[in-house]
Amino acid sequence: MDLLNAFVALLNFVIVPATAYGSQLALGALGVTLIYGILRFSNFAHGDTMAFGAMVTILFTWLFQAIGISIQPLPTALVALPFGIAVTAAMMLLTDRWIYRFYREQKAKPIILVMASLGVMFVLNGVVRVIIGPGEQRFNDGERFIIRARDFKEMTGLSEGLAFKTSQGITIVVTILAVAVLFWFLNRTRTGKSMRAYSDNEDLALLSGIDPEKVVRVTWILAAILATTAGVLYGLDKAFKPFTYFQLLLPIFASAIVGGLGNPLGAIAGGYIIAFSEVTLTYAWKKVATYVLPDSMAPDGLVQLLSTDYKYAVSFTILVIVLIFKPYGIFRGKAV
Amino acid sequence: MNRNALLFGGVALLYVLTGFFQSWNTALAIFNMGLISAVMALGVNIQWGYAGLFNVGIMGFVALGGLATVLVSAPPVGEAWAAGGLRILIALVVGAGTVLAGVLTFKRMTPGRARNLAVIGIFVVGFVLYRTLFDPARDAIEAVNPSVSGFLGGANLPILIAWPVGGLIAAGAAWLIGKTALGLRSDYLAIATLGIAEIIIAVMKNEDWMARGVKNVVGLPRPVPYEVDLQESTTFVERAVGLGLDPAAASSLWVKILYAGLFAAVLLALIWLTQMALNSPWGRMMRAIRDNETAAEAMGKDVTRRHLQIFVIGSAICGMAGAMMTTLDGQLTPGTYQPLRFTFLIWVMVIVGGSGNNWGSVLGGFLIWWLWIQVEPIGGAIMNVVTLPLPDGSGLKEHLLDSVQHIRLLTMGVVLLLVLRFSPRGLIPEK
């Protein structure tokens with residue numbers, strides 16, 4: 001019984017939250033990795049693109065709430081999501097046209113594109129703060145839980161409860177769908193194949209008549225879809241605050257690099273590796289340990305390896321270890 | 001040269017106009033931070049302009065400089081030292097020893113399962129030992145009079161010593177980062193520095209025993225006299241009245257001028273040093289490496305080593321600027337370190353001023369800092385005009401007026417993009 005309780009506590013505090021967070025990171029890292037694969041630079045504006053997409057979705061959510069559209073028990077934000085994606089995609093195509101295309105035609109060094117993306121990050125950050133403000137916004141209006149901790153206790157008779165939030169469930173389902181569609185697109189469709197060809201060998205792809213501008217456009221649209229989805233899911237699960245999206249940049253980059261920059265499969269694996277390490281290292285293991293260990297050995301302290309304030313240090317440490325031992329990531333990404 | 005003199009004159013005019021239209025106090029306050037910004041921009045220019053290294057962790061190095069001022073100049077808290085000072089030092093030594101032992105074991109043993117187990121074992125045992133030593137010591141220190149101290153305090157040395165010390169601490173952090181990320185793909189350094197900056201801030205916010213964390217350390221000693229003392233000194237008051245100035249205003253101006261003198265001395269010394277370095281064989285080697293790494297490597301230059309060297313030097317300058325800034329503020333407030341303000345703004349200064357040119361960075365520092373301060377009132381005025389047709393008290397009007405403070409992010413982003421696109425060599429291009 002104690003072991004079962006320990007397992008439920010583990011599920012409740014570690015596995016479920018880490019899976020949801022990992023899915024959000026994976027979606028973010030997929031966007032970064034796609035842009036790296038095709039456009040060959042690290043897009044520092046990705047965190048703020050997520051914030052922008054989430055912001056537009058929130059605005060549409062408010063609009064729909066005002067005119068009374070809802071899909072209870074699911075959050076209205078899911079209806080608003082396609083609109084958010086459309087606006088974000090348009091915004092990204094415009095930034096490509098106004099900013100990145102110039103450097104691409106000049107064949108500028110990747111680092112110049114990184115700097116341009118910094119400028120875009122600044123502008124997006126400013127736009128988001130001007131429009132919606134720097135404060136925290138909650139926009140999750142659906143049913144809050146799929147399973148409540150109290151119901152779970154009554155159902156199973158265990159002393160530990162398991163809470164499964166709707167936002168976590170939605171995150172996991174949407175991530176599976178998005179990844180499945182993305183891989184189908186990359187592996188089965190003509191456009192997807194031309195994208196992979198372009199990413200593997202640019203010159204060869206150009207010789208075989210692939211239109212580079214079309215590949216780039218599709219990449220930005222895919223990145224917009226992934227970034228907006230990731231941003232909205234993160235906002236539903238935690239809360240929307242522009243600055244936290246900027247801070248997500250580090251775990252997202254860590255995920256993409258751990259998996260191998262430019263490798264979509266690696267980005268997904270990296271997302272979960274980072275999320276699980278972050279959650280397990282900052283979780284206070286006292287509860288689980290008390291159940292598992294005999295009474296005489298029960299711990300006095302919290303058994304928390306790191307305070308939660310240092311969660312970014314976890315992604316950073318993993319990043320550094322990977323950079324030292326496997327600079328191209330677990331699933332060998334590409335080098336430039 | 002003529003054009004450059006004109007540019008510097010133009011920026012000087014901006015400061016003078018601020019003095020006439022707002023107040024000389026404001027103008028001098030902006031000027032002092034402009035001097036510090038120029039030092040930071042010089043540090044970044046060494047990294048980017050000389051060697052093409054992209055450092056987005058400037059905020060972290062600046063914050064380390066700020067930490068140095070507390071460690072050097074704050075009076076030591078005897079009670080806290082008695083409570084756990086020695087124990088915490090032992091714990092830190094154990095922690096460092098663990099890392100060292102782990103690294104040495106990894107390097108000395110032959111690869112294989114035995115080595116992996118040994119390294120993991122060392123880290124696990126070391127971590128447990130470290131925490132058992134560290135936690136009670138930290139709690140004991142933080143329990144000492146937490147509302148006013150609760151930290152170990154500093155060495156009670158003159159605060160000017162903190163400037164070089166800040167540089168040294170920043171250099172140490174830069175060495176660690178450079179060792180791991182340099183020699184890899186160019187964007188890796190960017191990501192690694194972005195990360196280390198966030199972590200340095202997190203440590204400074206949470207390790208209360210070191211510098212009180214978000215509770216801030218206030219009332220740091222000053223290298224210049226206090227306004228109150230000046231107002232009480234009869235000679236100063238007589239001189240101020242003799243010049244036809246109000247003693248209170250004069251004391252505040254005089255303190256700012258003294259600070260400006262100190263900062264300007266550092267800035268001029270740094271410009272002289274960096275210009276000497278740029279025109280030496282070493283500077284030519286650096287530019288050769290920047291322009292063509294492969295060719296430089298073929299000539300027998302150790303590119304990674306030179307990159308590490310320049311990364312450490314540039315970061316040290318940023319650390320020194322950070323120490324200067326905290327000295328000027330008289331307090332260390334880890335909560336106020338924002339990447340947009342301390343990292344990206346400095347980048348805008350370097351790019352706008354002209355990367356690769358030291359004078360350009362200095363100009364960019366003064367110009368962009370002035371703009372950063374003035375965009376808010378100017379933006380506010382514009383927004384007031386724009387929102388004039390809206391009725392008072394309407395939600396939209398209030399929202400727009402509130403958003404003025406965020407407009408400067410937008411402005412800086414637009415300035416960076418425009419300069420990068422239309423004038424990538426900056427206002428004063430590299431020769």
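Where in chain A is the place of A:Pro73? A:Pro73 sits in the loop between helix H2 (46–67) and helix H3 (77–106) of chain A, helices and strands being DSSP runs (H or I of at least four residues for helices, E of at least two for strands) numbered from the N terminus. The peptide bond that joins A:Gln72 to A:Pro73 is cis, with omega about 5 degrees. Most peptide bonds are trans, and most residues other than glycine have a negative phi.

The structure is a predicted model, in which local features need pLDDT of at least 70 and side-chain atom pairs count only at pLDDT 80 or more, while totals for chains, interfaces and linings use all residues. Residues are numbered from 1 along each chain as its sequence is written, and chains are lettered from A and ligands numbered from 1 in the order in which they are written.

For chain A, an unreviewed UniProt entry annotates residues 6–39, 51–71, 77–99, 111–132, 168–186, 215–236 and 312–331 as "transmembrane region". UniProt positions are given in the numbering used here, feature names are shortened, and such annotations may be inferred rather than shown by experiment. Residues 77–99 of chain A are 100% helix and 0% strand, with end C-alpha atoms 31 Å apart. For residues 111–132 of chain A, the end C-alpha atoms lie 31 Å apart, and the span is 100% helix and 0% strand.

A:Val232 belongs to helix H9 (residues 212–237) of chain A. A residue is classed as buried if 20 or more other C-beta atoms lie within 10 Å of its own, as exposed if 12 or fewer do, and as partly exposed in between, with C-beta atoms placed from the backbone. A:Val232 counts as buried because it has 32 C-beta neighbours inside 10 Å. With neighbours within four places in sequence left aside, A:Val232 is in contact with A:Gly53, A:Ala54, A:Thr57, A:Ala77, A:Leu81 and A:Gly84, where contact requires C-beta atoms, placed from the backbone, to lie within 7 Å. A:Thr57 is 175 residues from A:Val232 in sequence, and the C-alpha atoms of the two are 7.2 Å apart in space.

Between the chains, 36 residues of chain A are in contact with 34 residues of chain B. On the chain A side, two or more residues each come from H3, helix H4 (110–132), helix H11 (249–259) and helix H14 (311–325) of chain A. H4(A) gives the most, with 14 residues. By class, this side of chain A has 28 nonpolar, 6 polar and 2 charged residues; Ala, Val, Leu, Ile, Met, Phe, Trp, Tyr, Cys and Pro count as nonpolar, Asp, Glu, Lys and Arg as charged, and the others, Gly among them, as polar.

Chain B is divided into domain 1 (2–76 + 153–384 + 392–422) and domain 2 (77–152), with bounds taken from an automatic or database domain assignment. The C-alpha centres of domain 1 of chain B and domain 2 of chain B are 33 Å apart. Their contact takes 7 residues from domain 1 of chain B and 11 residues from domain 2 of chain B. The side of domain 1 of chain B that touches domain 2 of chain B has 4 nonpolar, 1 polar and 2 charged residues.

The 31 residues of H5(B) should span 45 Å at 1.5 Å a residue, and the end C-alpha atoms are 45 Å apart, which agrees; the expected span is 1.5 Å times one less than the number of residues. Buried residues in H5(B) are B:Ile122, B:Tyr130, B:Leu133, B:Ala137, B:Ile141 and B:Glu142. Their cover includes helix H4 (78–108) and helix H8 (208–211) of chain B.

H5(B) is followed by B:Asn145, with a positive phi near 45 degrees. B:Asn145 counts as exposed because it has 12 C-beta neighbours inside 10 Å. B:Asn156 lies in the loop between H5 and H6 of chain B, and its phi is positive, near 60 degrees. With 11 other C-beta atoms within 10 Å, B:Asn156 is exposed.

Helix H16 (residues 358–386) of chain B has 29 residues and should span 42 Å at 1.5 Å a residue; its end C-alpha atoms are 40 Å apart, which agrees. H16(B) bends by about 40 degrees at B:Gln374, and B:Pro377 follows within four residues. The bend at a residue is the angle between axes fitted to the seven residues ending there and the seven starting there.

Conventions. Two residues are in contact if their C-beta atoms, placed from the backbone, lie within 7 Å.
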